[in-house]
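Biologist: Hello! Could you show me the model, so that I can ask how its features get their names?

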Amino acid sequence: MKFQVAILLAAATLVAACAHAPVGEPANASRAGAAPATAEASAPDGARDIVVTVLNPVAPPAVHAGSNVLGYGATDHYRNGQRAMSTLAALERRYKLREIAGWPIKPLGVYCAVLRPEPGADREALLAALSRDERVRIAEPLHEYELYAHPAVPARARYNDPYVGLQRGFAEIDAAAAQEASKGRGVDIALVDTGVDVAHPDLKGRVRGAYNMVDNDAAAFNGDRHGTEVAGVIAAVGDNHLGIVGVAPQATLSVYKACWQAAGTGAARCNTLTLAKALAALVDAAPRIVNLSLGGPADPLLEQLLTALLRQDRIVVVAMPPDGRIGGFPAATPGVIVVRSAQSPGASAGAVDAPGNDILTTQPHGRYDFASGSSLAAAHVSGIAALLLSISPDLDADAVRRILRRSSTVAGGRPMVNAAAAIAALPQPRAADARGARAR
């Protein structure tokens, strides 16, 4: 959904010329006997003021030794002629007008004045009378204009989150523009991952539920790095004067801890049991989107559970393995959306590309840091899916996949998902459906 930045300009062409004095000269000081300029004089009013121009011939100065052979100075030397001043003074007396702003316009050979009628005057009748007056070249209302603009406002200007200008992935997928239409409200995303720092100030109110399929260690749940990173990319709170902005900052997260940080290495691990418990729980849960930023060998049990979820019209977003081979779980399961880091070498048929290198995101204990990998790329796509579902809740996984591919834009010589383009590519409702929606 596009937005308009409307900036009102009073009489964009004439007023600019009428009210702008050369440097060092006040606008109303040049008329003999004119009242001193006031604060009111600097604020023409389109609802009541009028614009009038009168001829302003200025006789060239006498030619003398050393003078310009044309006998006419530069633009700055174009002055108010006595004829124009006398004419304008007579018009003011005749029609009970008061000059608000004005200046000579050399290219047209006129003096242009913004005039204010006396209170209660009929402006239309006054303009009609002035138009019939042979001393007047132009008489018209002081019009107001709008600039119809769709400026590419940088993300850092749209949000008060201090680190948004460092979010390269957020910028690369055009998330700021997409959020003019959708922020993911009403969409719940399941993270099957490590735990998440649910107390992180940039995730406050975003975690709808937290379930531990690994152990009962709450402290470890909140201190897990990988899940916290993925959660921040998807749904970090926007405009809270903290940190970053998520791709879908009004979506909610249901966190299923099925993986844990391996002691001493920082790497995260999962197994068939913990993943099966999480997927089985999801079969009876509500999230439409499932983010699986993980992978490993083929597993018949896990594939059956994931297939059951796909049959429930879930949108499952998975990360491509680092070696680029889609042969294990979950990337090989038909129906999932496989996401690769756009910075990965080579190409892979069937996958979509998203930012995955040096992604600034949330970290445990209220911190922020950069992270890389297809896990972060998958998180960007889950966020985009939430933006789409918030607008069109009936989209299925195939429709989301088609939209992502069709709307990808070329960045760095290869296609990359684009959130704003994806929203623009949403199917338009039929006329009957649109009428029904308005009626409701």
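Modeller: Here is a predicted model. Let's begin with two helices, α8 (residues 225-235) and α11 (residues 374-391), whose axes come within 8 Å.

Biologist: What makes the crossing of α8 and α11 left-handed or right-handed?

Modeller: The crossing is right-handed, because that word is used when the near helix is turned clockwise from the far one by less than a right angle. Here the axes cross at roughly 35°.

Biologist: Which residues of α8 and α11 make the contact?

Modeller: From α8 they are H226, E229, V230, V233 and I234. From α11 they are S375, L376, A379, H380, S382 and G383. Sorted by class, the contact has five nonpolar, five polar and one charged residues.

Biologist: Why is the pair R208 and D188 called a salt bridge?

Modeller: The closest N and O atoms of R208 and D188 are 3.9 Å apart, and the cut-off is 4 Å, so the pair counts as a salt bridge. R208 lies in strand β8 and D188 in strand β7, so the pair ties together parts that are 20 residues apart in sequence. The whole structure has 11 salt bridges.

Biologist: What makes Y163, L166 and F370 a patch?

Modeller: A nonpolar patch needs residues with over 30% relative accessible area, no salt bridge, and side chains joined within 5 Å. Y163, L166 and F370 form such a patch on the surface, with about 290 Å² of accessible area together. L166 lies in the loop between α4 and α5.

Biologist: What is the omega of the peptide bond that joins F329 and P330?

Modeller: Omega is about 0°, and the bond is cis. P330 sits in the loop between β13 and β14.

How values were computed: Residues numbered from 1 in each chain as written. Predicted model: local features only at pLDDT ≥ 70, side-chain atom pairs only at ≥ 80, totals over all residues. Heavy atoms only, no water. Axes fitted to C-alpha atoms, helices over the stretch in contact; angles between N-to-C directions. Helix = DSSP H or I, 4+ residues; strand = E, 2+ residues; numbered from the N terminus. Contact = heavy atoms within 4.5 Å. Nonpolar A, V, L, I, M, F, W, Y, C, P; charged D, E, K, R; others polar. Patch = residues over 30% accessible without salt bridge, like charges linked within 9 Å, V, L, I, M, F, W, Y side chains within 5 Å. Areas by Shrake-Rupley, 256 points an atom, 1.4 Å probe, with all protein chains shown as cover. Salt bridge = Lys/Arg side-chain N within 4 Å of Asp/Glu carboxyl O.
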